[in-house]
Amino acid sequence: MVMKVLVLGGGGREHALIWKIAKSTQVSQVYSVPGNAGIGQMAGVECYQVDVGKNFAGLIEFSKKKKIDLTVVGPEAPLVNGMVDAFEAAGLHILGPTQSAAKIEGSKVWAKELMERYAIPTAPFKVFDSVASAMTYLTEQNRFPIVVKADGLTGGKGAIVCGNLMEATTAVVQMMVDKEWGDAGNRVVIEDYLDGEEASFIVLTDGVNVVPLASSQDHKAIYEGGPNTGGMGAYSPAPVVTPEMHERIMREIIKPTITAMVDEGRLYRGVLYAGLMITADGPKVLEYNCRCGDPETQPIMVRLESDIVPALLACIDGTLDQVNLKWNDKAAVCVVMASGGYPGQYEKGKVITGLDAVGTMEDVVVFHSGTALDTQGQFVTAGGRVLGVTALGEDIRRAQLRAYQAVDLIKFEDEYHRTDIAWRAINR
Ligand SMILES: Nc1ncnc2c1ncn2[C@@H]1O[C@H](COP(=O)(O)OP(=O)(O)O)[C@@H](O)[C@H]1O
Ligand SMILES: [Mg+2]
């Protein structure tokens, strides 16, 4: 079969997915909505600006017109808003959870209560729908750090680790009074702080069978201890996920979650991402995401040796038990190059140089996030996160060195990147 695939989204995650999907022998054409300048330059890939429309009608019309055989959704919001339901109702093939299953990311309250009902390990928590009750709890507990989380989607900014009562108060006010994230802050989860090392555990599932992707870890903070961003870098594998830990995560977390979703009548199909804290007491779930992580997807796709398309189709067909993914033994490190000022204010339109030189480096792949082409056809910055530079190496240390060699060749005004991506894995 020769397929046309549509990928929704326009970040580094989507560039990495498209890079992998476009290599498939089963795929003749990839459409990217909205894509970015890097995606637009790929052979066999076309970017389109499409008005999503009410209930995804614009996207459905586009998919029918282009005769799309498979749609892959990058970001969480369309999934939580029912894109899969809408596409399926229109008779289109799409990979991802339905709206009712995507609730596992759409509502942190719901996800915590699910874990409680099915004894899936997670931090002890309480749910609050008023400032007064939240404040009473925080004052009574008087135990810090503690974590305050907005219930709904906040683009990764609504979980705040609070070191003292003042910080916790600020977090509650920000969410529940100032409504910084609108209705997402109508309710908050307050949970115990967990000590340990984090890992991202991402799997493909057809609702029953599970195929794990390689383990990974991202760096959310703009610098160690600084404010959170969409993600400043990532590496794979995550050494904290030893073979024994992998087995435990599958047994104690992933499989019970998939079964729980069946029992709840919310069969979960697509990508399930468990954000974990590996504590002295075993792995615990910090949160679930209903899609791939960004930037984790970048090192993961670079390490994936198998064709991804049969695995994606098997998620939809319910035949994932017949899929086995092969991984490159090498480690991959991804360094995000950002616009100076991000995650706050930053300027756009800075000319990017050095991409051609890096393009000739072996074992290095650059995925674009916020880039555009100017009138002279040069790449310019167009977002906070601009590029993800991923390198393979015999081990994490060598992959890191290689990634930074490439980063050093790429320049744009006010460029910022972390210089310590994968430090924790290297220090082990
Ligand atoms: N219970 C917890 N203990 C310690 N750190 C936490 C806890 N919950 C969240 N965090 C930290 O906050 C980050 C964001 O929390 P998460 O639940 O993943 O929400 P989101 O990704 O929506 O912002 C985590 O990656 C982790 O670093
Ligand atoms: Mg998270």
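## Ground rules

Residues are numbered from 1 along each chain as its sequence is written, while chains are lettered from A and ligands numbered from 1 in the order in which they are written. As the model is predicted, local features need pLDDT of at least 70 and side-chain atom pairs count only at pLDDT 80 or more, whereas totals for chains, interfaces and linings use all residues.

## The sheet and its helix

Let's start with an open sheet of 4 strands, ordered 11-10-14-15 with antiparallel pairing. (Strands are DSSP runs of E, at least two residues, and helices runs of H or I, at least four, numbered from the N terminus; two strands pair if DSSP finds at least two bridges between them.) Strand 11 (210–212) and strand 15 (282–289) are the edges, each pairing on one side only.

Strand 10 (residues 197–205) is joined to strand 11 by 3 bridges, and Leu 204 has Val 211 as its bridge partner in strand 11. Helix 10 (residues 243–263) packs on the sheet and touches strand 10, strand 11, strand 14 (270–279) and strand 15. Contact here has C-beta atoms, placed from the backbone, within 7 Å.

## Around ligand 1

Which residues are closest to ligand 1? Of the 16 that surround it (C-beta atom, placed from the backbone, within 6 Å), the closest are Ala 123, Ala 159, Leu 194, Leu 286 and Glu 287. Strand 7 (146–150), strand 8 (159–162), strand 14 and strand 15 each supply at least two residues of this shell.

Ligand 1 lies between domain 2 (130–186) and domain 3 (196–322), because both give residues to its shell; the domain bounds come from an automatic or database domain assignment.

Key
Contact = placed C-beta atoms within 7 Å. Axes fitted to C-alpha atoms, helices over the stretch in contact; angles between N-to-C directions.
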